[in-house]
Amino acid sequence: MQCIYENFMFPPDQSFSIQSEILEEQPYNVLKSHKYFEIALLENYCGKHFIGDNILEFEGTQLLLLGSYLPHCWQIDRELDPTVQPQSISVHFSPDFLGQQLLEKPEAKPLNELLSKASKGISFSGPTIPIAKKMMQKMLLSEGMARTGLMLQLLDILAQSGTKQALSSSYLNMIDNAHEGPKISKVYDYIFQNFENNISLPVVADILSMTSASFCRFFKRETGQTLIDFIKEVRISHATKLLLEGKYNISETSFRCGYNNHSNFNKQFKELIGLSPVKFQKHYELKYKKINTQNPSAVLRETATSVRPNRTNIIGIVVPTLDRSFFSSVVQGIETVLNENGYNVLLYQSKESFDKEVTGIKTLIKSGVDGIISSVALQTSNYDHFTDLKRHNIPLLLFDRIVQEICVPSVRIDDYKGGFSATEHLIRQGCKHIVHISTDQNVPIFKERLRGYKAALKQYNLPVKEALIFYGVPSLTLGSECIQHLMEKNIPFDGVFALEDYTGLGVLKKLKEYQINVPDQVKVIGFANEAFGAHAATALSTIDQQTLKMGEAAARLFLKLLKEEHYYRAAPEEIILDTILIARDSSQLLNVPADGQLLCI
């Protein structure tokens, strides 16, 4: 079992991360290793865990603390109990996330001892688990200093626990080879992105600026296997996934996994799996219904018709991510109202992925939820998995990212008015050459913000210039790249309206690098009112989306419709909330010149 080095970063407004997800069954796993400490709460977990040199079968609820670079993975086996749904809450952090000085205080001695023992992995039992679980659930719905305070309480609970038990019998981790992690990650990234094609040893070696011979020695030393064996494992692993999903026949599967020779595929598959592809499919066909279609929602249709239990008073929620305070705040509003009415929630993150969104909805239906409240992922352009829910009369409500063609109840803000308001604010502050950063992804709310931007310019007799409209994936990087492009092309601008706050923060950082004064030379406004915006070096103006109110309204509408004889009407009910302009330092001047100030460098 190979070990993959993970390299991830926290959002700019967080010094640690917490996320919740439903664990998916996997035929076999790859060990993960990263530089951060990890607290993992695994609920209804049936299968095995691999931590260091510890391999243990486990069933139930588990609370773990894993040290830096300690290899680990969970292997889920639902055959132990088909009704069980594995879920997890995980926290990733550095010991000094609040500064090294905290760890040097005498009060931190128990914490230092805990972190030292975590190098072997620690499991907790007894009353520690429900106490820690309650704390972690609160953290999911908190932000800023409130979440940080809960994190300190959680660490203190673990440090004071009398139920600690070491998991790995030796100091087995990757700390000695940690400096090679980035190199290995580069190779892994290339393999995972290109395994469907022919992979040349000289090309892979060139990624690390090595000769082929030197690279082969390096890779074998660091991973314990040859490059050829690793590529074979990646390809066959992907082949098992495709065969289990039933999307393609065996011949198509072999081609999609990088094999041009069918007999070679059969040989390598049997070497690794122990069964031929044909026997492998037959062995699992009772567990994974074979559906000859290339539409992933076909699996959902089969699930929706076969799994419809009585009322469970559990509502499924699918969100693109919980890393953004927008979605965590909406979820908090939804959960508050549902809990008050005797309902609980199951939460799933799509990570902005279409495939994960389909999997999440399928999983929630299998879990017997009474309905689903969802916001559409950025990558989603095929909505069959949503329309299938409606076709089978499974209640669905969309919030924020609404798709009109699905035609279901919804709650959203008026993104057109929000885009108009943001642009109008910049115009009234004296801006005449306003950049809008949008996205080329098929998400209606961003299209509406763009439409509002154009309408405001026209109303104030300002031209709509395509050179001032920038498209990409919403992120810090997008904001930075936009400003760099404008500067390199000498395109004059005096205002920037970013489609969301993280992109707006990227704009502020890049303008600072160019020593451009905000708001004297350029004024900036974002969208979403993320928590970090008010605390940035230059406080970011934004459009507030009334997130708590949105969540509460979504839950109340959902519950109201659940009580009616027919959930779906000919004309689905829609709630549209107003946006609120929040003007801060990034767009307001104490003394605004009559004609504004134009940046033209």
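"Partly exposed" here covers residues between buried, under 20% relative accessible area, and exposed, over 50%. All the close-ups come from a predicted model.

**View 1. Glu574 and Arg412 pair up across the chain.** Here the side chains of Glu574 and Arg412 meet in a salt bridge, at 2.9 Å from N to O. This pair ties together distant parts of the chain: Glu574 belongs to strand E20 (residues 574-577) and Arg412 to strand E14 (residues 410-413), 162 residues apart. With 34% relative accessibility, Glu574 falls in the partly exposed range. Arg412 has 16%, so Arg412 counts as buried.

**View 2. Lys560 reaches Glu573.** The salt bridge in this view joins the side chains of Lys560 and Glu573, again given N to O, at 2.9 Å. Lys560 sits in helix H20 (residues 547-562), while Glu573 is in the loop between H20 and E20, 13 residues apart, and the pair counts as a link between distant parts of the chain. Lys560 is partly exposed because its relative accessibility is 38%. Glu573 is partly exposed too, at 24%.

**View 3. A salt-bridge network includes Asp229, Lys232 and Glu271.** Salt bridges with shared partners join these three residues into one network. One of the contacts is between the side chains of Lys232 and Asp229, at 3.9 Å from N to O. Both sit in helix H8, 3 residues apart, so about one helical turn separates Lys232 from Asp229. Lys232 is buried, with a relative accessible area of 16%, whereas Asp229 is partly exposed at 32%.

View 4. H8 gives the most, with 5 residues. Sorted by class, the lining of this pocket is made up of 8 nonpolar, 8 polar and 5 charged residues.

**View 5. Three leucines make a nonpolar surface patch.** Leu98, Leu102 and Leu152 form this patch, which covers about 220 Å². Look for Leu98 in the loop between strand E7 (87-93) and helix H1 (100-103). Leu98 counts as partly exposed because its relative accessibility is 40%.

How values were computed:
Residues are numbered from 1 along each chain as its sequence is written. This is a predicted model: local features need pLDDT of at least 70, side-chain atom pairs count only at pLDDT 80 or more; totals for chains, interfaces and linings use all residues. Side-chain values use heavy atoms; hydrogens and water are left out. Helices (H or I, at least four residues) and strands (E, at least two) are DSSP runs, numbered from the N terminus. Ala, Val, Leu, Ile, Met, Phe, Trp, Tyr, Cys and Pro count as nonpolar, Asp, Glu, Lys and Arg as charged, and the others, Gly among them, as polar. Patches are made of residues with over 30% relative accessible area and no salt bridge: like charges are joined within 9 Å, nonpolar side chains (Val, Leu, Ile, Met, Phe, Trp, Tyr) within 5 Å. Accessible areas come from the Shrake-Rupley method with a 1.4 Å probe; for residues, only the protein chains shown count as cover. A salt bridge is a side-chain nitrogen of Lys or Arg within 4 Å of a carboxyl oxygen of Asp or Glu. Buried means under 20% relative accessible area, exposed over 50%, partly exposed in between (1.4 Å probe, protein chains only).
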